[in-house]
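Please keep the sequence and the model in view while reading.

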Amino acid sequence: MCSRHRRLVFAVLTTVLFCAHTHSANEPQPTVEEDPFSGLVLGQKDRAARSAAMRELRGPRAIPQPSIAAAEARPASGPSLFTLSRDALLSPRPMATSDERNTGVETATASIQDLPLRESRNGDVTASSSRARVIDIPPQMELVELNGVDVVIDGHLDEEAWNKVAGFENMIVVSPDTLVDPEFRTLTRIFYTERGLYVSADMEQPADTLVQRLSARDQDLNRDGFGITLDTSGKGLFGFWFSINLGGSKEDGKVLPERNFSREWDGAWHGASAVTETGWTAEIFIPWSILAMPPGVGKRNMSFFVSRQVAFRNERYGWPALPFTQARFMSAMQPMAMEDVNPKQQWELFPYATTSADGIYDETDRKVGLNFSWRPAPNLQVSGAANPDFGAVESDDVVVNLTAYETFFPEKRLFFLEGSEVFETTPRGTPFRGSSRGGGARVAPSTYNMEPTTLLNTRRIGGSAKHLDYDDAIDVPGPERSKPTDLLGAVKVVGQASAFRFGFLGAMEDDVELRGTMEKLDEAGELTDEEVIVTAPGRDFGVARLLWERQSGTGRQAHGLITTFADTPEYGAVVTGLDSHFLTQNGKWNIDSQIINSRKDSETGYGAFADIRYTPKQGIFHRLSLDFLDDTLDVSDLGFLRRNDLRGFRYTRFHNTSRNLPDMLRSRSIGLFLSGQTNSNGDLIRGYLGTGLGFNFINQSSIDVQLSIRPKMVDDRSSFGKGSFEMSETKFFTITYGSDSSKKFSYSLQTGVIDEDLGDPAYIGDIGFTFSPLSRLRFDYDLRYRDSEGWLLYSGDTDFTRYYSEQLSHLFSMDFFISAKQQFRATLQWTGINAMERDFWRIHDSDQIGKLDSSMDDPDPDSDGFTISRLTAQVRYRWEIAPLSDLFIVYTRGSNVPSLGHADFGDLFQEALSDPIVDVIVVKLRYRFGS
């Protein structure tokens, strides 16, 4: 990168750092973030003045008594979480049993005055808690509407509105799934206004046990947190979840039946937390404008689930009693009702501007564009993008994939994530990536990532061009071939009418222009590389979705149709899917299925699959997956499918228990896995029998053991269509230990053996740690190693080479937070491979299946091995100016070092650092304007 660009970026970065430091200098430490943009709600009082007054208070926090004469307090009819008399005497009452909490209080009468009130358990609480009215939850809660209130979302529950709202303490322990009364009290209060829903929690807990850790949005860490899940459909069909963690870091996403959670969606809501003398408190405000919901007037029905994470105990409290080890969730959440919640027309504009400086090509690029969203009714949303910028401010993981199978990368672009739930046709479309670090023991990065089966993979839109046709004499480097394609525009419509939900998506790519080189003779008659531009027309994409849903009691039935269209210069590809979903009223049986048809040029393909889940009782489930995909099915232009030409089954039985265990254990899980799948020729292409054992100990550490065996199978993909061969019997064994991740320092150890295709062992190991010396600072590091005695790779035609190989990976990240809304993040992922030739193999007869024949011929006498060195490093500053309004300054450096024949890992790492193929600084500002 030229020195002028470096000086410019350095000046910008210095200015931002100075402003951020000045801006955060007066922050009370360590729990209250004083960002003036934090939690702004229209009509609120000056937050800085209020916070300054609060800091002057000493001893038990006094409750200011602002006048609320102007506030409109409208209790709904029937049982309500609202009381007009704060000075009424509390009526002591024993705590409800677990069974009572699980079923709800069936004797609730029609008036709040008749509902039993409870005082807190210890009788010695803060002023705000002692004033709080406590009720048992009726079968259906009718929330109160308080318009004209002035609530500052700062985590302190000092507003008069909270004193007028009765709360409930019904939470029980749902993880582990003991369903016992929790150790610490949680008082939850909810009310609503014409703008949105207000939720608060007053949580008791000793101060020396609080675990506060700041993070980027949606990062799953083991820390204290509080959240609410809303079923805005009112029928268990779709919903949203929101979580605020101690310190102010947010998590949110969407949920589909029954527990199909996703983190990709981000909403413009407000949340904050604060430490109190008895524990901590949380406040959440969720505007109606960000929620999809059916049309309607009068009473609106929704349901909710509230939960609390207690990190040092590795426990999650929740209400209703819905542990993840039982069948139902969305269909069994707590019903609630509100009057006249029917949001008016809403709109959002997201203008952006970016400047990027490319150090490889020594050039600067500038771009401006606009995303917009318009919700003319609660059940209809129109969004679009003009000249959108989908440039990476986040980098994908480093992946070394030398197989015939494609790697799936999840979507990260806000435009495609918003309203995407209607396009999700089955739970198979939600991928599982890596290992969660949100609770319990530290875990090593997963050795296996399950890839989705989906007809809509929006990463194809604006992805790398796959339809290029250029002369073989032109060399287009890998980074050029893999770079994203610019989009001219995109539009999306999602909505609901009666029992139908629908969605439409369209996008147009700009023409592709890639840099390449071609050898030519210069005037002196010598060969030189001349730069050429490879061009190709852009692609067009379209998606249409229609879903009919019906709720019967607590059961569900749904049927949907999705059609995708991809128009390329060479062909048009159309894929159609019919999906069906059934949930029994007791929640024990859940069936999801899909029939698929693809048409590409003159070729037609078919496929079908079904996933059947049976949960006979809490802690036990069975899942049977059936597949039939013919060899001409092709959804790759706009979807993702690991492979076609597949038929067979997969079966899983899982048992988790937290009862009747030795004193040293908190929970134990046992899984059984069985699979048998063939291709159209009847060859066994996938089969295994395996088990998994998990032990969680009282000290919050864990041990996980995975063991499986595979019979002899046929590999019909590795030769890229040149023939099939028989693989040997193989085994897989890993054991992982993790220490308590709520501590400042935690670590994990993993070791195991995984057999290669011809039966040779590959030994794996991982050692990693997480160090959080401060709530604002965290280091995460994993060192992975793999030593293979026989790595089999395709080498062309019908030939294969077996290698002795070593692989080493560094996975490092550092996060520092100036405040909950200002973050520095540095990441580095590097993988190096050293491979030495062992011997050579050949498919003897490509028309028949047999063992690979050992060959004495070296297909490449000039080579006895190869190396790989790939690196992605990124330094990023992010300032969340307001919800969904951000300033990014991002530096990305990437390498893919050509093979050095043989080199030690130190040299490979140094080459990756010093020889980049990506060297870019991006400054991006995006701001949200909305009604």
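The account below moves from the chain as a whole to its strands, a helix and its aromatic rings.

## Basis of the report

The model is predicted: local features need pLDDT of at least 70, and side-chain atom pairs count only at pLDDT 80 or more, while totals for chains, interfaces and linings use all residues. Residues are numbered from 1 along each chain as its sequence is written, and side-chain values use heavy atoms, with hydrogens and water left out.

## The chain as a whole

The protein chain contains eight helices and 46 strands. Helices (H or I, at least four residues) and strands (E, at least two) are DSSP runs, numbered from the N terminus. Of the 931 residues in the chain, 54% are buried. A residue is called buried under 20% relative accessible area, exposed over 50%, and partly exposed in between, using a 1.4 Å probe and protein chains only. Contact means heavy atoms within 4.5 Å. Among contacts between residues at least 6 apart in sequence, 65% join residues at least 24 apart.

## Strands and hairpins

Strands of a sheet pair through backbone hydrogen bonds, either parallel or antiparallel. Here two strands are said to pair if DSSP finds at least two bridges between them.

An open sheet is formed by three strands in the order 19-22-23, with antiparallel pairing. Its edge strands are strand 19 (474-475) and strand 23 (527-536), each of which pairs on one side only. Strand 19 is joined to strand 22 (residues 512-521) by two bridges, and Ile474 has Met518 in strand 22 as its bridge partner.

Thr535 belongs to strand 23. Is Thr535 buried or exposed? Its relative accessible area is 52%, so Thr535 is exposed. Leaving aside neighbours within four places in sequence, Thr535 is in contact with Val512 and Glu513. The C-alpha atoms of Thr535 and Asp511 are separated by 7.1 Å, although these residues are 24 apart along the chain.

Phe779 stands opposite Met814 in strand 40. The two strands form a hairpin with two residues between them, and Asp797 in the turn has a positive phi of about 55 degrees. Strand 40 is also joined to strand 41, by 20 bridges in an antiparallel arrangement. A hairpin of two residues connects strand 40 and strand 41, and Asp799 has Arg842 in strand 41 as its bridge partner.

## Helix 8

In helix 8 (residues 905-914), the residues Phe905, Leu908 and Ala912 are buried. Seen down the helix axis, the buried residues fall within an arc of 60 degrees, so they line one face of the helix; the arc is that of the directions from the helix axis to the C-beta atoms. These buried residues pack against strand 40 (799-819), strand 41 (822-842), strand 43 (865-882) and strand 44 (885-897). At the N-terminal end, Asp904 caps helix 8, with a side-chain oxygen 3.2 Å from the backbone nitrogen of Gly906.

## Aromatic rings

A search of the whole structure finds 30 aromatic pairs. Rings of Phe, Tyr and Trp (its six-membered ring) pair if their centres lie within 6.5 Å; planes under 30 degrees apart count as stacked, over 60 as edge-to-face and the rest as tilted. Two pairs are set out in the table.

| Pair | Centre distance | Plane angle and class |
|---|---|---|
| Phe191 and Tyr198 | 4.9 Å | 10 degrees, stacked |
| Phe720 and Tyr794 | 5.4 Å | 40 degrees, tilted |

Phe720 lies in the loop between strand 34 (713-715) and strand 35 (725-727), whereas Tyr794 lies in strand 39 (residues 777-796), so the pair ties together parts that are 74 residues apart in sequence. Phe720 is partly exposed at 48% relative accessibility, and Tyr794 is partly exposed at 26%.

Two rings have a charged side chain over them. A charge sits over a ring if NZ of Lys or CZ of Arg is within 6 Å of the ring centre and within 35 degrees of the ring normal. The charged end of Arg613 sits over the ring of Phe621, 3.9 Å from its centre. Arg642 lies over the face of Tyr405, at 4.0 Å from the ring centre.

Key: Polar contact = N/O pair within 3.5 Å; in protein donor to acceptor, adjacent residues only side chain to side chain.
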